[in-house]
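Notebook open, model loaded. I want the overall fold, then a few residues.

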Amino acid sequence: MVEGATSDLAPPAAVKVFSAGTAGCVADLVTFPLDTAKVRLQIQGESRPLVKGQRAKYSGVFGTIVTIVKAEGPKGLYNGLVAGLQRQMSFASVRIGLYDTMKQFYAGGSENAGLGTRMLAGCTTGAMAVAFAQPTDVVKVRFQAQVGRPEAGSVKRYSSTTEAYRTIARDEGFKGLWKGSLPNIIRNAIVNCSELVTYDMIKELLLKNSLMKDDVPCHFTAGFAAGFCTTIVASPVDVVKTRFMNSVPGQYGGAMNCALTMLIREGPSAFYKGFVPSFLRLGSWNIVMFVSYEQFKRAVAGLQRAWESPLRPV
């Protein structure tokens with residue numbers, strides 16, 4: 001992403017990869033309850049569509065959070081957090097940390113990358129990240145959804161993250177850990193493209209026009225814009241991804257079948273289930289992540305320079 005005047009030199013890729021993974025974990029710790037609420041709202045009605053007059057179990061993001069806390073305690077909001085942190089360390093580090101590297105690669109080393117080059121870089125690192133993080137994403141989604149599964153009642157599918165990986169591999173085969181790879185690749189290409197390109201261009205616009213300095217308010221503004229644009233673009237494929245990952249074997253014939261089933265049984269509005277928590281989560285996640293990322297990046301780069309250039313006695 002564009003470096004401001006406060007940065008003497010752009011930090012190396014290794015610093016960006018580490019900083020992005022760490023910032024992703026910080027953002028997940030802050031916004032995980034919103035993500036859990038989003039997942040519960042997205043899967044609501046997938047097994048038994050609500051009949052006319054029937055009251056939904058979950059209603060609204062804050063109502064969903066209150067319902068989860070009452071039924072499962074506060075820890076219910078953090079089901080799947082371990083897998084979520086594992087996901088961020090392997091996912092955010094690739095899709096965000098390598099974005100600048102891929103952007104320069106496609107631009108032939110030029111610092112002045114166009115919109116098409118930025119979009120291509122975002123799509124590339126988003127798809128690459130799925131190759132590393134898909135199993136952690138599957139486990140995270142299932143942990144967040146398991147108590148809310150109508151057919152499961154109050155029985156948990158998995159008791160621990162390790163047991164979840166082992167059970168999925170045993171019962172569904174290796175491909176079970178990569179369930180939903182196609183919709184996830186599509187989703188993350190779209191999310192990464194809209195998220196990073198929006199942040200990159202908004203930040204660059206603010207700096208080039210001297211509207212803001214390269215500091216926290218600038219990162220906050222660009223991060224909020226990135227979260228808003230991403231939610232609008234990515235919600236439909238995000239709902240399909242969540243439904244398909246959480247499904248039992250044989251429930252859907254594939255991602256497209258899952259989308260078609262949703263459309264027939266629940267209508268087009270099903271693709272925007274959980275939109276408000278998605279926006280609250282993505283908006284807040286992007287703000288926390290990008291602000292943290294910029295600070296971690298500068299701090300780690302400063303430590304690296306200090307380590308490589310120690311003071312020598314005269």
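I counted the secondary structure first: the chain has 10 helices and zero strands. Helices here are DSSP runs of H or I with at least four residues, strands are runs of E with at least two, and both are numbered from the N terminus. Going along the sequence, I read α-α-α-α-α-α-α-α-α-α.

A note on the source: this is a predicted model, where local features need pLDDT of at least 70, side-chain atom pairs count only at pLDDT 80 or more, and totals for chains, interfaces and linings use all residues. Residues are numbered from 1 along each chain as its sequence is written, and side-chain values use heavy atoms, with hydrogens and water left out.

Next I looked up burial. Of the chain's 314 residues, 52% count as buried (under 20% relative accessible area; exposed is over 50%, partly exposed in between, 1.4 Å probe, protein chains only). The chain exposes about 14,300 Å², and 68% of that comes from carbon and sulfur atoms (Shrake-Rupley method, 1.4 Å probe; for residues, only the protein chains shown count as cover).

Then contacts (heavy atoms within 4.5 Å). Among those between residues at least 6 apart in sequence, 78% join residues at least 24 apart.

I checked Pro12, which sits in the segment before α1 (13–43). Pro12 is partly exposed at 37% relative accessible area. Its C-alpha is 9.8 Å from that of Asp100, 88 residues away in sequence.

How many disulfides does the structure hold? I found zero, going by cysteine sulfur pairs within 2.5 Å. Cys25 is buried at 14% relative accessibility, while Cys229 is partly exposed at 31%.
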